[in-house]
Amino acid sequence: MNFTDLQLIDPILKALDEEGYTTPTPIQQQAIPPVIQGNDLLGCAQTGTGKTAAFAIPIIQRLYLARETDRKRKLISTLILTPTRELAIQIGESFAAYGRHTGLKHTVIFGGVSQHAQTNALKYGIDILVATPGRLLDLMQQGFVDLSTIKVFVLDEADRMLDMGFVHDVKKVIAKLPRQRQTLFFSATMPPAITQLANSILTNPVRVEVTPVSSTAETIQQAIYFVDKPNKKNLLTHLLKSNQMQRVLVFARTKHGADRVARDLNKQGFKAAAIHGDKSQNARQHALADFKAGKLRTLIATDIAARGIDIDDLSHVINYELPNVPETYVHRIGRTGRAGASGIAYSFCDAEEKPYLKDIEKTIGIKIPVVSNHPFPLVDFNPAPKPKQNAQGQRHKRGEDNRQNQSKRPKSTGFKRK
Ligand code: AMP
């Protein structure tokens with residue numbers, strides 16, 4: 001199937017062609033036709049499946065064809081609610097890309113930055129608003145946003161909203177929407193609280209389910225490097241010397257750790273930057289933009305900061321530390337090998353992390369191949385005992401990495417079992 005088979009309007013087909021897209025991904029094939037028809041949608045899918053285009057394309061088409069005088073009257077007709085700033089920015093970029101020949105206007109609002117530019121854009125008048133819940137409520141309370149004219153509402157990453165404690169804010173926003181509207185609901189997992197929320201806001205939805213991020217596993221080449229903790233930085237620089245590593249996302253478990261890895265790399269002459277929750281929004285955007293533009297080959301991220309990062313052509317993901325929650329591993333390696341592209345995921349495992357590796361392999365149902373032929377093999381097989389775990393099996397008490405650990409990712413990963 002091609003995009004041309006989906007009865008899309010020319011301005012969209014032209015934009016997709018410029019983006020280099022020819023074949024819709026499974027979620028796009030299933031979601032675009034019913035959404036164009038005006039149906040509600042319940043989509044069980046996560047980032048990496050092409051879900052952003054799956055909702056953005058039909059929304060652009062509907063708005064373009066139904067364009068009335070709304071924009072002249074500065075009425076917002078579509079609201080997309082998403083949990084993080086990064087996702088909001090990426091969704092905004094998708095609307096800009098796919099809608100570039102339609103004249104539709106959108107803006108993105110999120111917290112952590114001055115509201116001035118955001119309120120100016122709102123005053124100017126937009127068709128599509130992409131927002132995180134906190135800043136949206138704030139601007140609504142200040143009278144900058146009126147949701148009474150919304151015709152299409154998208155709730156993106158609903159389960160993450162729950163994980164991050166945003167559900168009350170989301171419900172407050174929903175209460176301000178007109179009852180008569182089209183609603184598209186996306187979630188990677190469907191725990192009972194999310195099913196309940198979906199049932200309460202959707203009317204006869206079309207259900208679309210695609211296998212989670214791990215379905216890309218067949219295109220991701222995975223490998224384990226056993227290495228002593230103090231040698232991880234040497235192993236990383238050794239690997240970075242390979243020219244095949246064009247764009248590398250390195251995962252660190254803590255913000256502090258991410259900074260340390262970036263510092264070590266820069267000292268060794270490998271340009272790198274860290275992104276995490278303690279960095280200013282500007283610093284994060286700057287690092288991400290340099291990384292996307294290819295000016296920066298290596299980006300070090302914590303799980304929360306990397307959540308939803310959408311970077312084309314990520315050649316490698318490196319787990320500098322193994323996560324203690326197996327589903328986090330699945331999520332991390334899903335950053336590469338996106339939309340059918342191939343990718344490589346390397347994991348560094350010291351003696352202390354071996355139990356995590358065992359859990360990961362049990363969850364994904366495969367034994368990850370080991371690279372034994374490298375200059376820094378594991379020699380310290382009996383390191384200090386592991387830190388005491390609390391009742392949830394978590395090693396950290398506070399901080400963003402702990403929040404990631406609490407998130408429940410799907411048990412069924414779709415990995416092929418041997
Ligand atoms: P998403 O799941 O929305 O985060 O999209 C994942 C990645 O796939 C993004 O980099 C998109 O630009 C890309 N993508 C989405 N749809 C397609 C498509 N039909 N063909 C090629 N790439 C796509």
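A residue counts as buried here when its relative accessible area is under 20%, as exposed when it is over 50%, and as partly exposed in between (1.4 Å probe, protein chains only). This is a predicted model, where local features need pLDDT of at least 70 and side-chain atom pairs count only at pLDDT 80 or more, while totals for chains, interfaces and linings use all residues. Residues are numbered from 1 along each chain as its sequence is written, and side-chain values use heavy atoms, with hydrogens and water left out.

Let's start with the whole chain. It has 16 helices and 13 strands; these are DSSP runs numbered from the N terminus, helices being H or I with at least four residues and strands E with at least two. Of the 418 residues, 57% are buried. Take contacts (heavy atoms within 4.5 Å) between residues at least 6 apart in sequence: 78% of them join residues at least 24 apart.

Now for helix H1, residues 10-19. Its buried residues are Pro-11, Ile-12, Leu-13, Ala-15 and Leu-16, and their cover includes helix H3 (51-65) and H4.

Strand E11 (residues 298-301) contains Thr-298. Beyond its neighbours within four places in sequence, Thr-298 touches Leu-240, Val-248, Val-250, Leu-265, Lys-271, Ala-272, Ala-273 and Phe-291.

| Residue | Relative accessibility |
|---|---|
| Cys-44 | 14% |
| Cys-349 | 0% |
| Thr-298 | 1% |

As for disulfides (pairs of cysteine sulfur atoms within 2.5 Å), the structure holds 0.

On to the second largest pocket, with about 330 Å³ of space. The closest to its centre of the 20 lining residues are Pro-83, Thr-84, Arg-85, Met-164 and Phe-166. A pocket is an open set of points on a 1 Å grid over the protein atoms alone, where a 1.4 Å probe fits, with protein on both sides within 12 Å along at least five of seven lines; lining residues have an atom within 4 Å of a point. The volume is the space filled by probe spheres set on the points, which are joined across faces, edges and corners.

Helices H4 (85-98), H6 (133-141), H13 (303-306) and H16 (400-406) each give this lining at least two residues, and H6 has the largest share, 3 residues. Domain 1 (3-210) and domain 2 (220-364) each contribute at least three, with bounds taken from an automatic or database domain assignment. By class, the lining has 7 nonpolar, 6 polar and 7 charged residues. Ala, Val, Leu, Ile, Met, Phe, Trp, Tyr, Cys and Pro count as nonpolar, Asp, Glu, Lys and Arg as charged, and the others, Gly among them, as polar.
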